[in-house]
Amino acid sequence: MDSLMLSTARAKPQVRLGHALSTLEESLSEDKKAIFRSYHSQAASSTPTLDDVRRAVAEFDHQSGSRPYGSRFVNILKAVQQFAVVGDVIVGGGGNVFTNLASCREKVSELFMEIGQTAPRHEQIAVLYPRSKRLQSDLIEYFIVIVQLCHRLFNPSTLGQIQARLQLALVDPELKNLKEELDKWAIFIDREINLLIAQRVEEEAKQNSRFRSLWTLVSEVDTKRKKIKTRLTWLDSCSQYNYEREQKRIRKQGNSTFFLSDHSYLEWKGRVAQNSPKPSNLLLRGILGSGKSVLLANMIDDLILARKEHQYSVAHFFVISEDSESHMARTVLGSITRQILEAVADLSWVDALEPRTGSGRDMLSSREMLGLLRKVFPGGRPVFLILDGLDQCPRKERLALMCYLEELRKTLDLYICASLRQEANVHPEKDLVLALQPDFVLDIPFDNPDIESFVNSELEHLVDLGELVVGSQELLEEIKACLIAGASGMFLWVVLQLQTIASERSDRAIRQALKNIPRSLPATYGQILTKSRGFGPQYQLAILKILSAAFELLTIDQLREALSIVPGETAWSDENLINDINVTLASCGSLLQVDEEELTVRFVHPSVRQFLFNEIKDIASADLSAMANSFQFSPQDAHKQMAGILVTYLAIFETTKELTVHQESSAQMEKSLPTLVPPPSQAIDAGPLRPLPKEKRQSTYATTLVKVERQNRMPCSERGMSFFPTPRRTG
């Protein structure tokens, strides 16, 4: 009967999606069926929101033990949530169903992370979906394949083969075909969305206001669509900053549990249940590398999971050391405002606002955002606000943000938790404490019990992956004892020492490394750079300077091109490009991290940049200064290196642009003649990963150059940049 229904309804993707969901449900074990049906019932009674996505991710991490991979599912879950809102389809499921794959969570999460990078998560889907049968069909086809993939992975009859399949994900025929199907439908969806956006602009220019008003009266669907569009415009006017990026990255780094039984945290968190008339603030303090950011990322999960009992919103912002935009008070406040509004699933709040023209590019001022929240929440609303890294912001921006938050408190019941490094000689502790006026203080202890469990789980993980090979179990116990005793509350120190130990190739070398282990983070940084220099001594200092001077996160490709340019050399050749950027990055060892989703390069911790600028004094290591002289530099030196690369890059771009224009003119003269080879203009555009014709990157670098110049407040000639030759004009 099912096969007959499917064959007769082949043109109806909705029927096949329903059948795929039913098949998936039937393949689950009884306890998983109960969980699946529970989520199904919840979805039937209320539309899924971004909060449901965050709760599913938090549940997954809560069950995943020492390796939290839930953030890898965010993109695909957001795509499902957006589709469930507009597709009139009831879906179920959550983090609990993934417990079937407890033995291979890492591979499963990696697979869905790759899928999520191309998943249809366009914000305009909600607006465009009702207008296009093609878009509706393509989206349903995409999620049919998603459900089929889940069925293949979660089918109890084949669980014994799951691990082998995931290990061979790229060569297993069925998994490979499913991934190719997903990529195909994602391309179709993206094309249709781009076409609809272009058509909508043209149609709106032709339609008069009278026609649109009449259409609104007769179309209930169009009324909802317009509300969604208006909501999106207001959200974009608050912020378009990717506030989730940093929280996702940090959450993957590990778990923290000791705070769950801390009296200060429980008191602060419990104020909501007590209906306290005065919201309170919590200050999280810890030394350098003690895991403050990871703790706050875990705190967000705990607050989200506890929200079943009490109604409140959770918002957050993690300042990124390498991203100057995240240091601005307007960026932080805009992201917070957007998160608070996104948490409201009901569209009725849009009715309280005046129609807003434009596409969201006209950003609201801080005062306008405060006024917006007052209109939407006239009766107030409890909001937990998690802030990390404010001590990295300029003092002016930090104090401005705290003033805005005080104003926001007049509208919302704001429960703030902010982190602070305890080294007063490095960061302005008094300013933040005075502005925050904390009611509770949560101090991360030196003898943090989470460190021991972290060391045990990380060692086990390294051994399982084959990255750490030892000749005896006794040596593993020696490593554990040494790291736990020397950590002094610093998770970052443990992480770096583990990677150093894993790079050794014999038991004797490992024991020697334990004997000479540095006791502070600055000394550890120096040791890593000294040991890693052999992988690329000519590039190490350039990498450190470029990353220190960048005003935004650079991708691997951008860094590769920047390293391939010699300041002052305007004659370009593809042979200049570095062939293997990964080997080149190894010259900085474990002090660099490459984001697995966005492929951006950053320092492992903000303190690395301060160490390179010689802003951290290491009392524990007397001979560090002599060792560090070879790779420490001033901020001015870093900006000079970056500016030299950018000016040379722009000079090369202009030279190539003039050459291209001249050759295109010559080609037009010979347009009527038959040719056996491509014209020169086409040859110039050929070639892999050439930096020259990529206007997007040129614009990015040019913007960075302007920021550098504004930062230094002086022209290039006054900063020793007059050595650049006049760019050669060819052609």
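# A chat about sheets, helices and one serine

Modeller: Before we start, keep in mind that this is a predicted model, and that the protein chain in it exposes about 34700 Å², of which carbon and sulfur atoms supply 53%.

Biologist: OK, and how many helices and strands are there in the protein chain?

Modeller: The secondary structure of the protein chain comes to 32 helices and eight strands, and of its 731 residues, 52% count as buried.

Biologist: What about contacts between residues that sit apart in sequence, how many of those join residues at least 24 apart?

Modeller: If we take the contacts between residues at least 6 apart in sequence, 79% of them join residues that are at least 24 apart.

Biologist: Let's go to the sheets. In what order do the strands of the five-stranded one come?

Modeller: The order is E2-E3-E4-E1-E5, in an open sheet where the pairing is parallel. Strand E2 and strand E5, which covers residues 440-443, are the edge strands, and each of them pairs on one side only. From one strand to the next, the twist averages 15 degrees.

Biologist: And E3, what does it pair with?

Modeller: On one side, E3 pairs in the parallel sense with strand E2 (residues 313-318) over six bridges, and there Ala-315 stands opposite Leu-385 of E3. Six bridges also join E3 to strand E4 (residues 413-421), again running parallel, with Pro-382 standing opposite Asp-413 of E4.

Biologist: Is E3 enclosed or open to the outside, and why?

Modeller: Strand E3 spans residues 382-388, and six of its seven residues are buried, so the rest of the structure largely encloses it.

Biologist: Which helix goes with E3 and E4 in a β-α-β unit?

Modeller: That is helix H18, residues 395-408, and the unit it makes with E3 and E4 is right-handed.

Biologist: What happens at the E5 end of that sheet, who is the partner?

Modeller: Strand E1, residues 281-286, is joined to E5 by four bridges, and the two run parallel. In this pair, Leu-283 stands opposite Val-441 of E5.

Biologist: Now the other sheet, with E6 in it. Is the pairing parallel or antiparallel?

Modeller: The pairing is antiparallel in this open sheet of three strands, which come in the order E6-E8-E7. Strands E6 (554-555) and E7 (592-594) stand at the edges with a single partner strand each, so one side of each has no neighbour in the sheet. Between E7 and strand E8 (residues 600-603) there are three bridges, and Leu-592 stands opposite Phe-603 of E8.

Biologist: Which helix lies across those strands?

Modeller: Helix H25, residues 537-549, lies across E6, E7 and E8, and it runs at about 95 degrees to E8.

Biologist: Changing topic: how do H6 and H8 pack?

Modeller: Helix H6 (residues 105-118) and helix H8 (residues 133-154) pack at an angle of about 175 degrees, and their axes are 13 Å apart. Angles over 145 degrees count as roughly antiparallel, and H6 and H8 are therefore roughly antiparallel to each other. On the H6 side the contact is made by Leu-111, Phe-112 and Ile-115, while H8 brings Tyr-142, Ile-146, Leu-149, Cys-150 and Leu-153.

Biologist: What is it in contact with, apart from its neighbours in sequence?

Modeller: Leaving aside neighbours within four places in sequence, Ser-366 is in contact with Arg-330, Leu-333 and Tyr-404.

Terms used:
Residues are numbered from 1 along each chain as its sequence is written. This is a predicted model: local features need pLDDT of at least 70, side-chain atom pairs count only at pLDDT 80 or more; totals for chains, interfaces and linings use all residues. Side-chain values use heavy atoms; hydrogens and water are left out. Buried means under 20% relative accessible area, exposed over 50%, partly exposed in between (1.4 Å probe, protein chains only). Contact means heavy atoms within 4.5 Å. Accessible areas come from the Shrake-Rupley method with a 1.4 Å probe; for residues, only the protein chains shown count as cover. Two strands pair if DSSP finds at least two bridges between them. A crossover is right-handed if, with the strands pointing away from the viewer, the path from the first strand over the helix to the second runs clockwise. Axes are lines fitted to C-alpha atoms, for helices over the stretch in contact, and angles run from 0 to 180 degrees between N-to-C directions. Angles under 35 degrees count as roughly parallel, over 145 as roughly antiparallel, 65 to 115 as roughly perpendicular and the rest as oblique.
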